[in-house]
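Please keep the sequence and the coordinates in view while reading.

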Amino acid sequence: MLPIAQTSVVAHLRKLYADNRIPHALLLAGPEGCGKMAIALDFARLLLCETPQHDGTDGQTQPCGHCHGCAMSRTLAHPDLHFVFPTIKSTSSTRSVSDMWLKEWREMLLETPYFDLAMWEERMGIANQQPQIFADESEAILRKVSLVSAQGGYKIVIIWLPELMNEACANKMLKLLEEPPQQTLFLLCSNQPERIITTIRSRTQRIDVKVIPEADIAAALEQERGLSAPDAARIAHIAAGSYTRALRQISVSNEEREFLDMFILLMRKCYLRDIKEMHAWSEQLSSWGRERQKAFLEYAQRLVRENFVYNFRLPQLNYLTQEEEAFSTNFARFINERNVIGISEELALAQRDIMQNVNPRMVFFDFALKMIVLLIQ
Ligand SMILES: [Zn+2]
């Protein structure tokens, strides 16, 4: 995937390449989700291409896209392309190096170069541990870059979140940057460059990457993810310049759509006083995990509140998606000053019970029964 927007940064890097002025270490610095990894990969692809093409239209040099080098970079399997990223101490080994997580790392990167530390932690399957770049890593890097490059060209080491290097690693890294090996480029992608030790930072050439304009995020969401224009615009707005945040919002949106369906289903059955179906509904919810049940109840509270507000016809105070609004046009009139507090309280109560491990079958069926009464008030 090519970087979204950021044309001036990409052009700047292409110019360094064309002028043969590539430094030993480049620091791409910018906020989460602005595309530093996408830019780094794009540049690595160019350096590893065996037959780069000069594009007449914008005067920039591009990777050809079909040589052996391009093919290997595309699958992130180029022997001269190395990655360093935060990991955790494995229980099965005394060493902690990125290569031990290379499979998970490639899988994530091949899906999208837009991700954050939380997503990477999910990939590694860890929680409540602080990933970092350990001292073992610097020895692994040293070994890789002191070899002659496999394909006779550049060796590239992309370091993701160098601010998470521990002190021992940073000190060894510094030595490497002081006497950089031949034809090696260190590409550092940092969200918080001020946290990298000054001595390392001063040996890199810094390029600042800014947030992505909202319109570019919206366009990418339509093209890459097939979102409708209104959905793309809404999510791009929430994303506030971060494509990573936009991607996260899509998965939230998908979950919320399911929550909305479940909420609508229950309201219909309550309105029809269909006890049998209401029971089936609570059975279905009981099969979900506890965190998801909790998230549903939270969502339902928000939806009830929004439907109450909807009655005042003040769109600037309403935060509804298109689907939610379509539902509210019919449903909002059932939520009024007589029942809004009661329904919200019942949802909060159900949420508390779920957290306290009360049998979810009872909690949800009980709530459904109460809704029959509350809805006609
Ligand atoms: Zn090529």
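Which residues are buried in helix H4 (residues 102-111)? They are Leu102, Trp105, Met108 and Leu109, where buried means under 20% relative accessible area, exposed over 50% and partly exposed in between, with a 1.4 Å probe and protein chains only. Helices (H or I, at least four residues) and strands (E, at least two) are DSSP runs, numbered from the N terminus. Seen down the axis of H4, the buried residues fall within an arc of 130°, so they line one face of the helix; the arc is that of the directions from the helix axis to the C-beta atoms. Lys103 and Glu111, on the other side of H4, are exposed.

The model is predicted, and local features need pLDDT of at least 70, side-chain atom pairs count only at pLDDT 80 or more, while totals for chains, interfaces and linings use all residues. Residues are numbered from 1 along each chain as its sequence is written, and side-chain values use heavy atoms, with hydrogens and water left out.

The buried residues of H4 are covered by elements that include helix H2 (36-48), strand E4 (81-84), helix H5 (117-124) and strand E5 (155-160). Trp105 is in contact (heavy atoms within 4.5 Å) with Met37, Phe83, Phe85, Phe115, Trp120 and Trp160, leaving aside its neighbours within four places in sequence.

Rings of Phe, Tyr and Trp (its six-membered ring) pair if their centres lie within 6.5 Å; planes under 30 degrees apart count as stacked, over 60 as edge-to-face and the rest as tilted. By this rule there are 20 aromatic pairs. Phe115 and Trp160 form an edge-to-face pair, 4.9 Å centre to centre with 65° between the planes. This pair links distant parts of the chain, with Phe115 in the loop between H4 and H5 and Trp160 in strand E5, 45 residues apart. Phe115 and Trp160 are buried. Ring pairs link Phe83, Phe85, Trp105, Phe115, Trp120 and Trp160 into a cluster. Phe327 and Phe331, also buried, form a stacked pair, 4.7 Å centre to centre with 15° between the planes. Being four residues apart in helix H14 (residues 322-331), Phe327 and Phe331 are separated by about one helical turn.

A zinc ion has as its protein donors Cys49 (SG), Cys64 (SG), Cys67 (SG) and Cys70 (SG), lying 2.3 Å from it. Donors are N, O and S atoms within 2.8 Å of the metal (3.2 Å for Na, K and Ca); water is not among the atoms, so sites may look incomplete. The zinc site is tetrahedral, with angles of 105 to 115° among its four donor atoms; four donors count as tetrahedral if all angles lie between 85 and 135 degrees. The donor residues are spaced C-x14-C-x2-C-x2-C in sequence. Cys64 is buried, with a relative accessible area of 11%, and Cys70 is buried, with a relative accessible area of 4%.

Key
Tetrahedral: all angles 85-135°; square planar, octahedral: opposite > 155°, others 65-115°.
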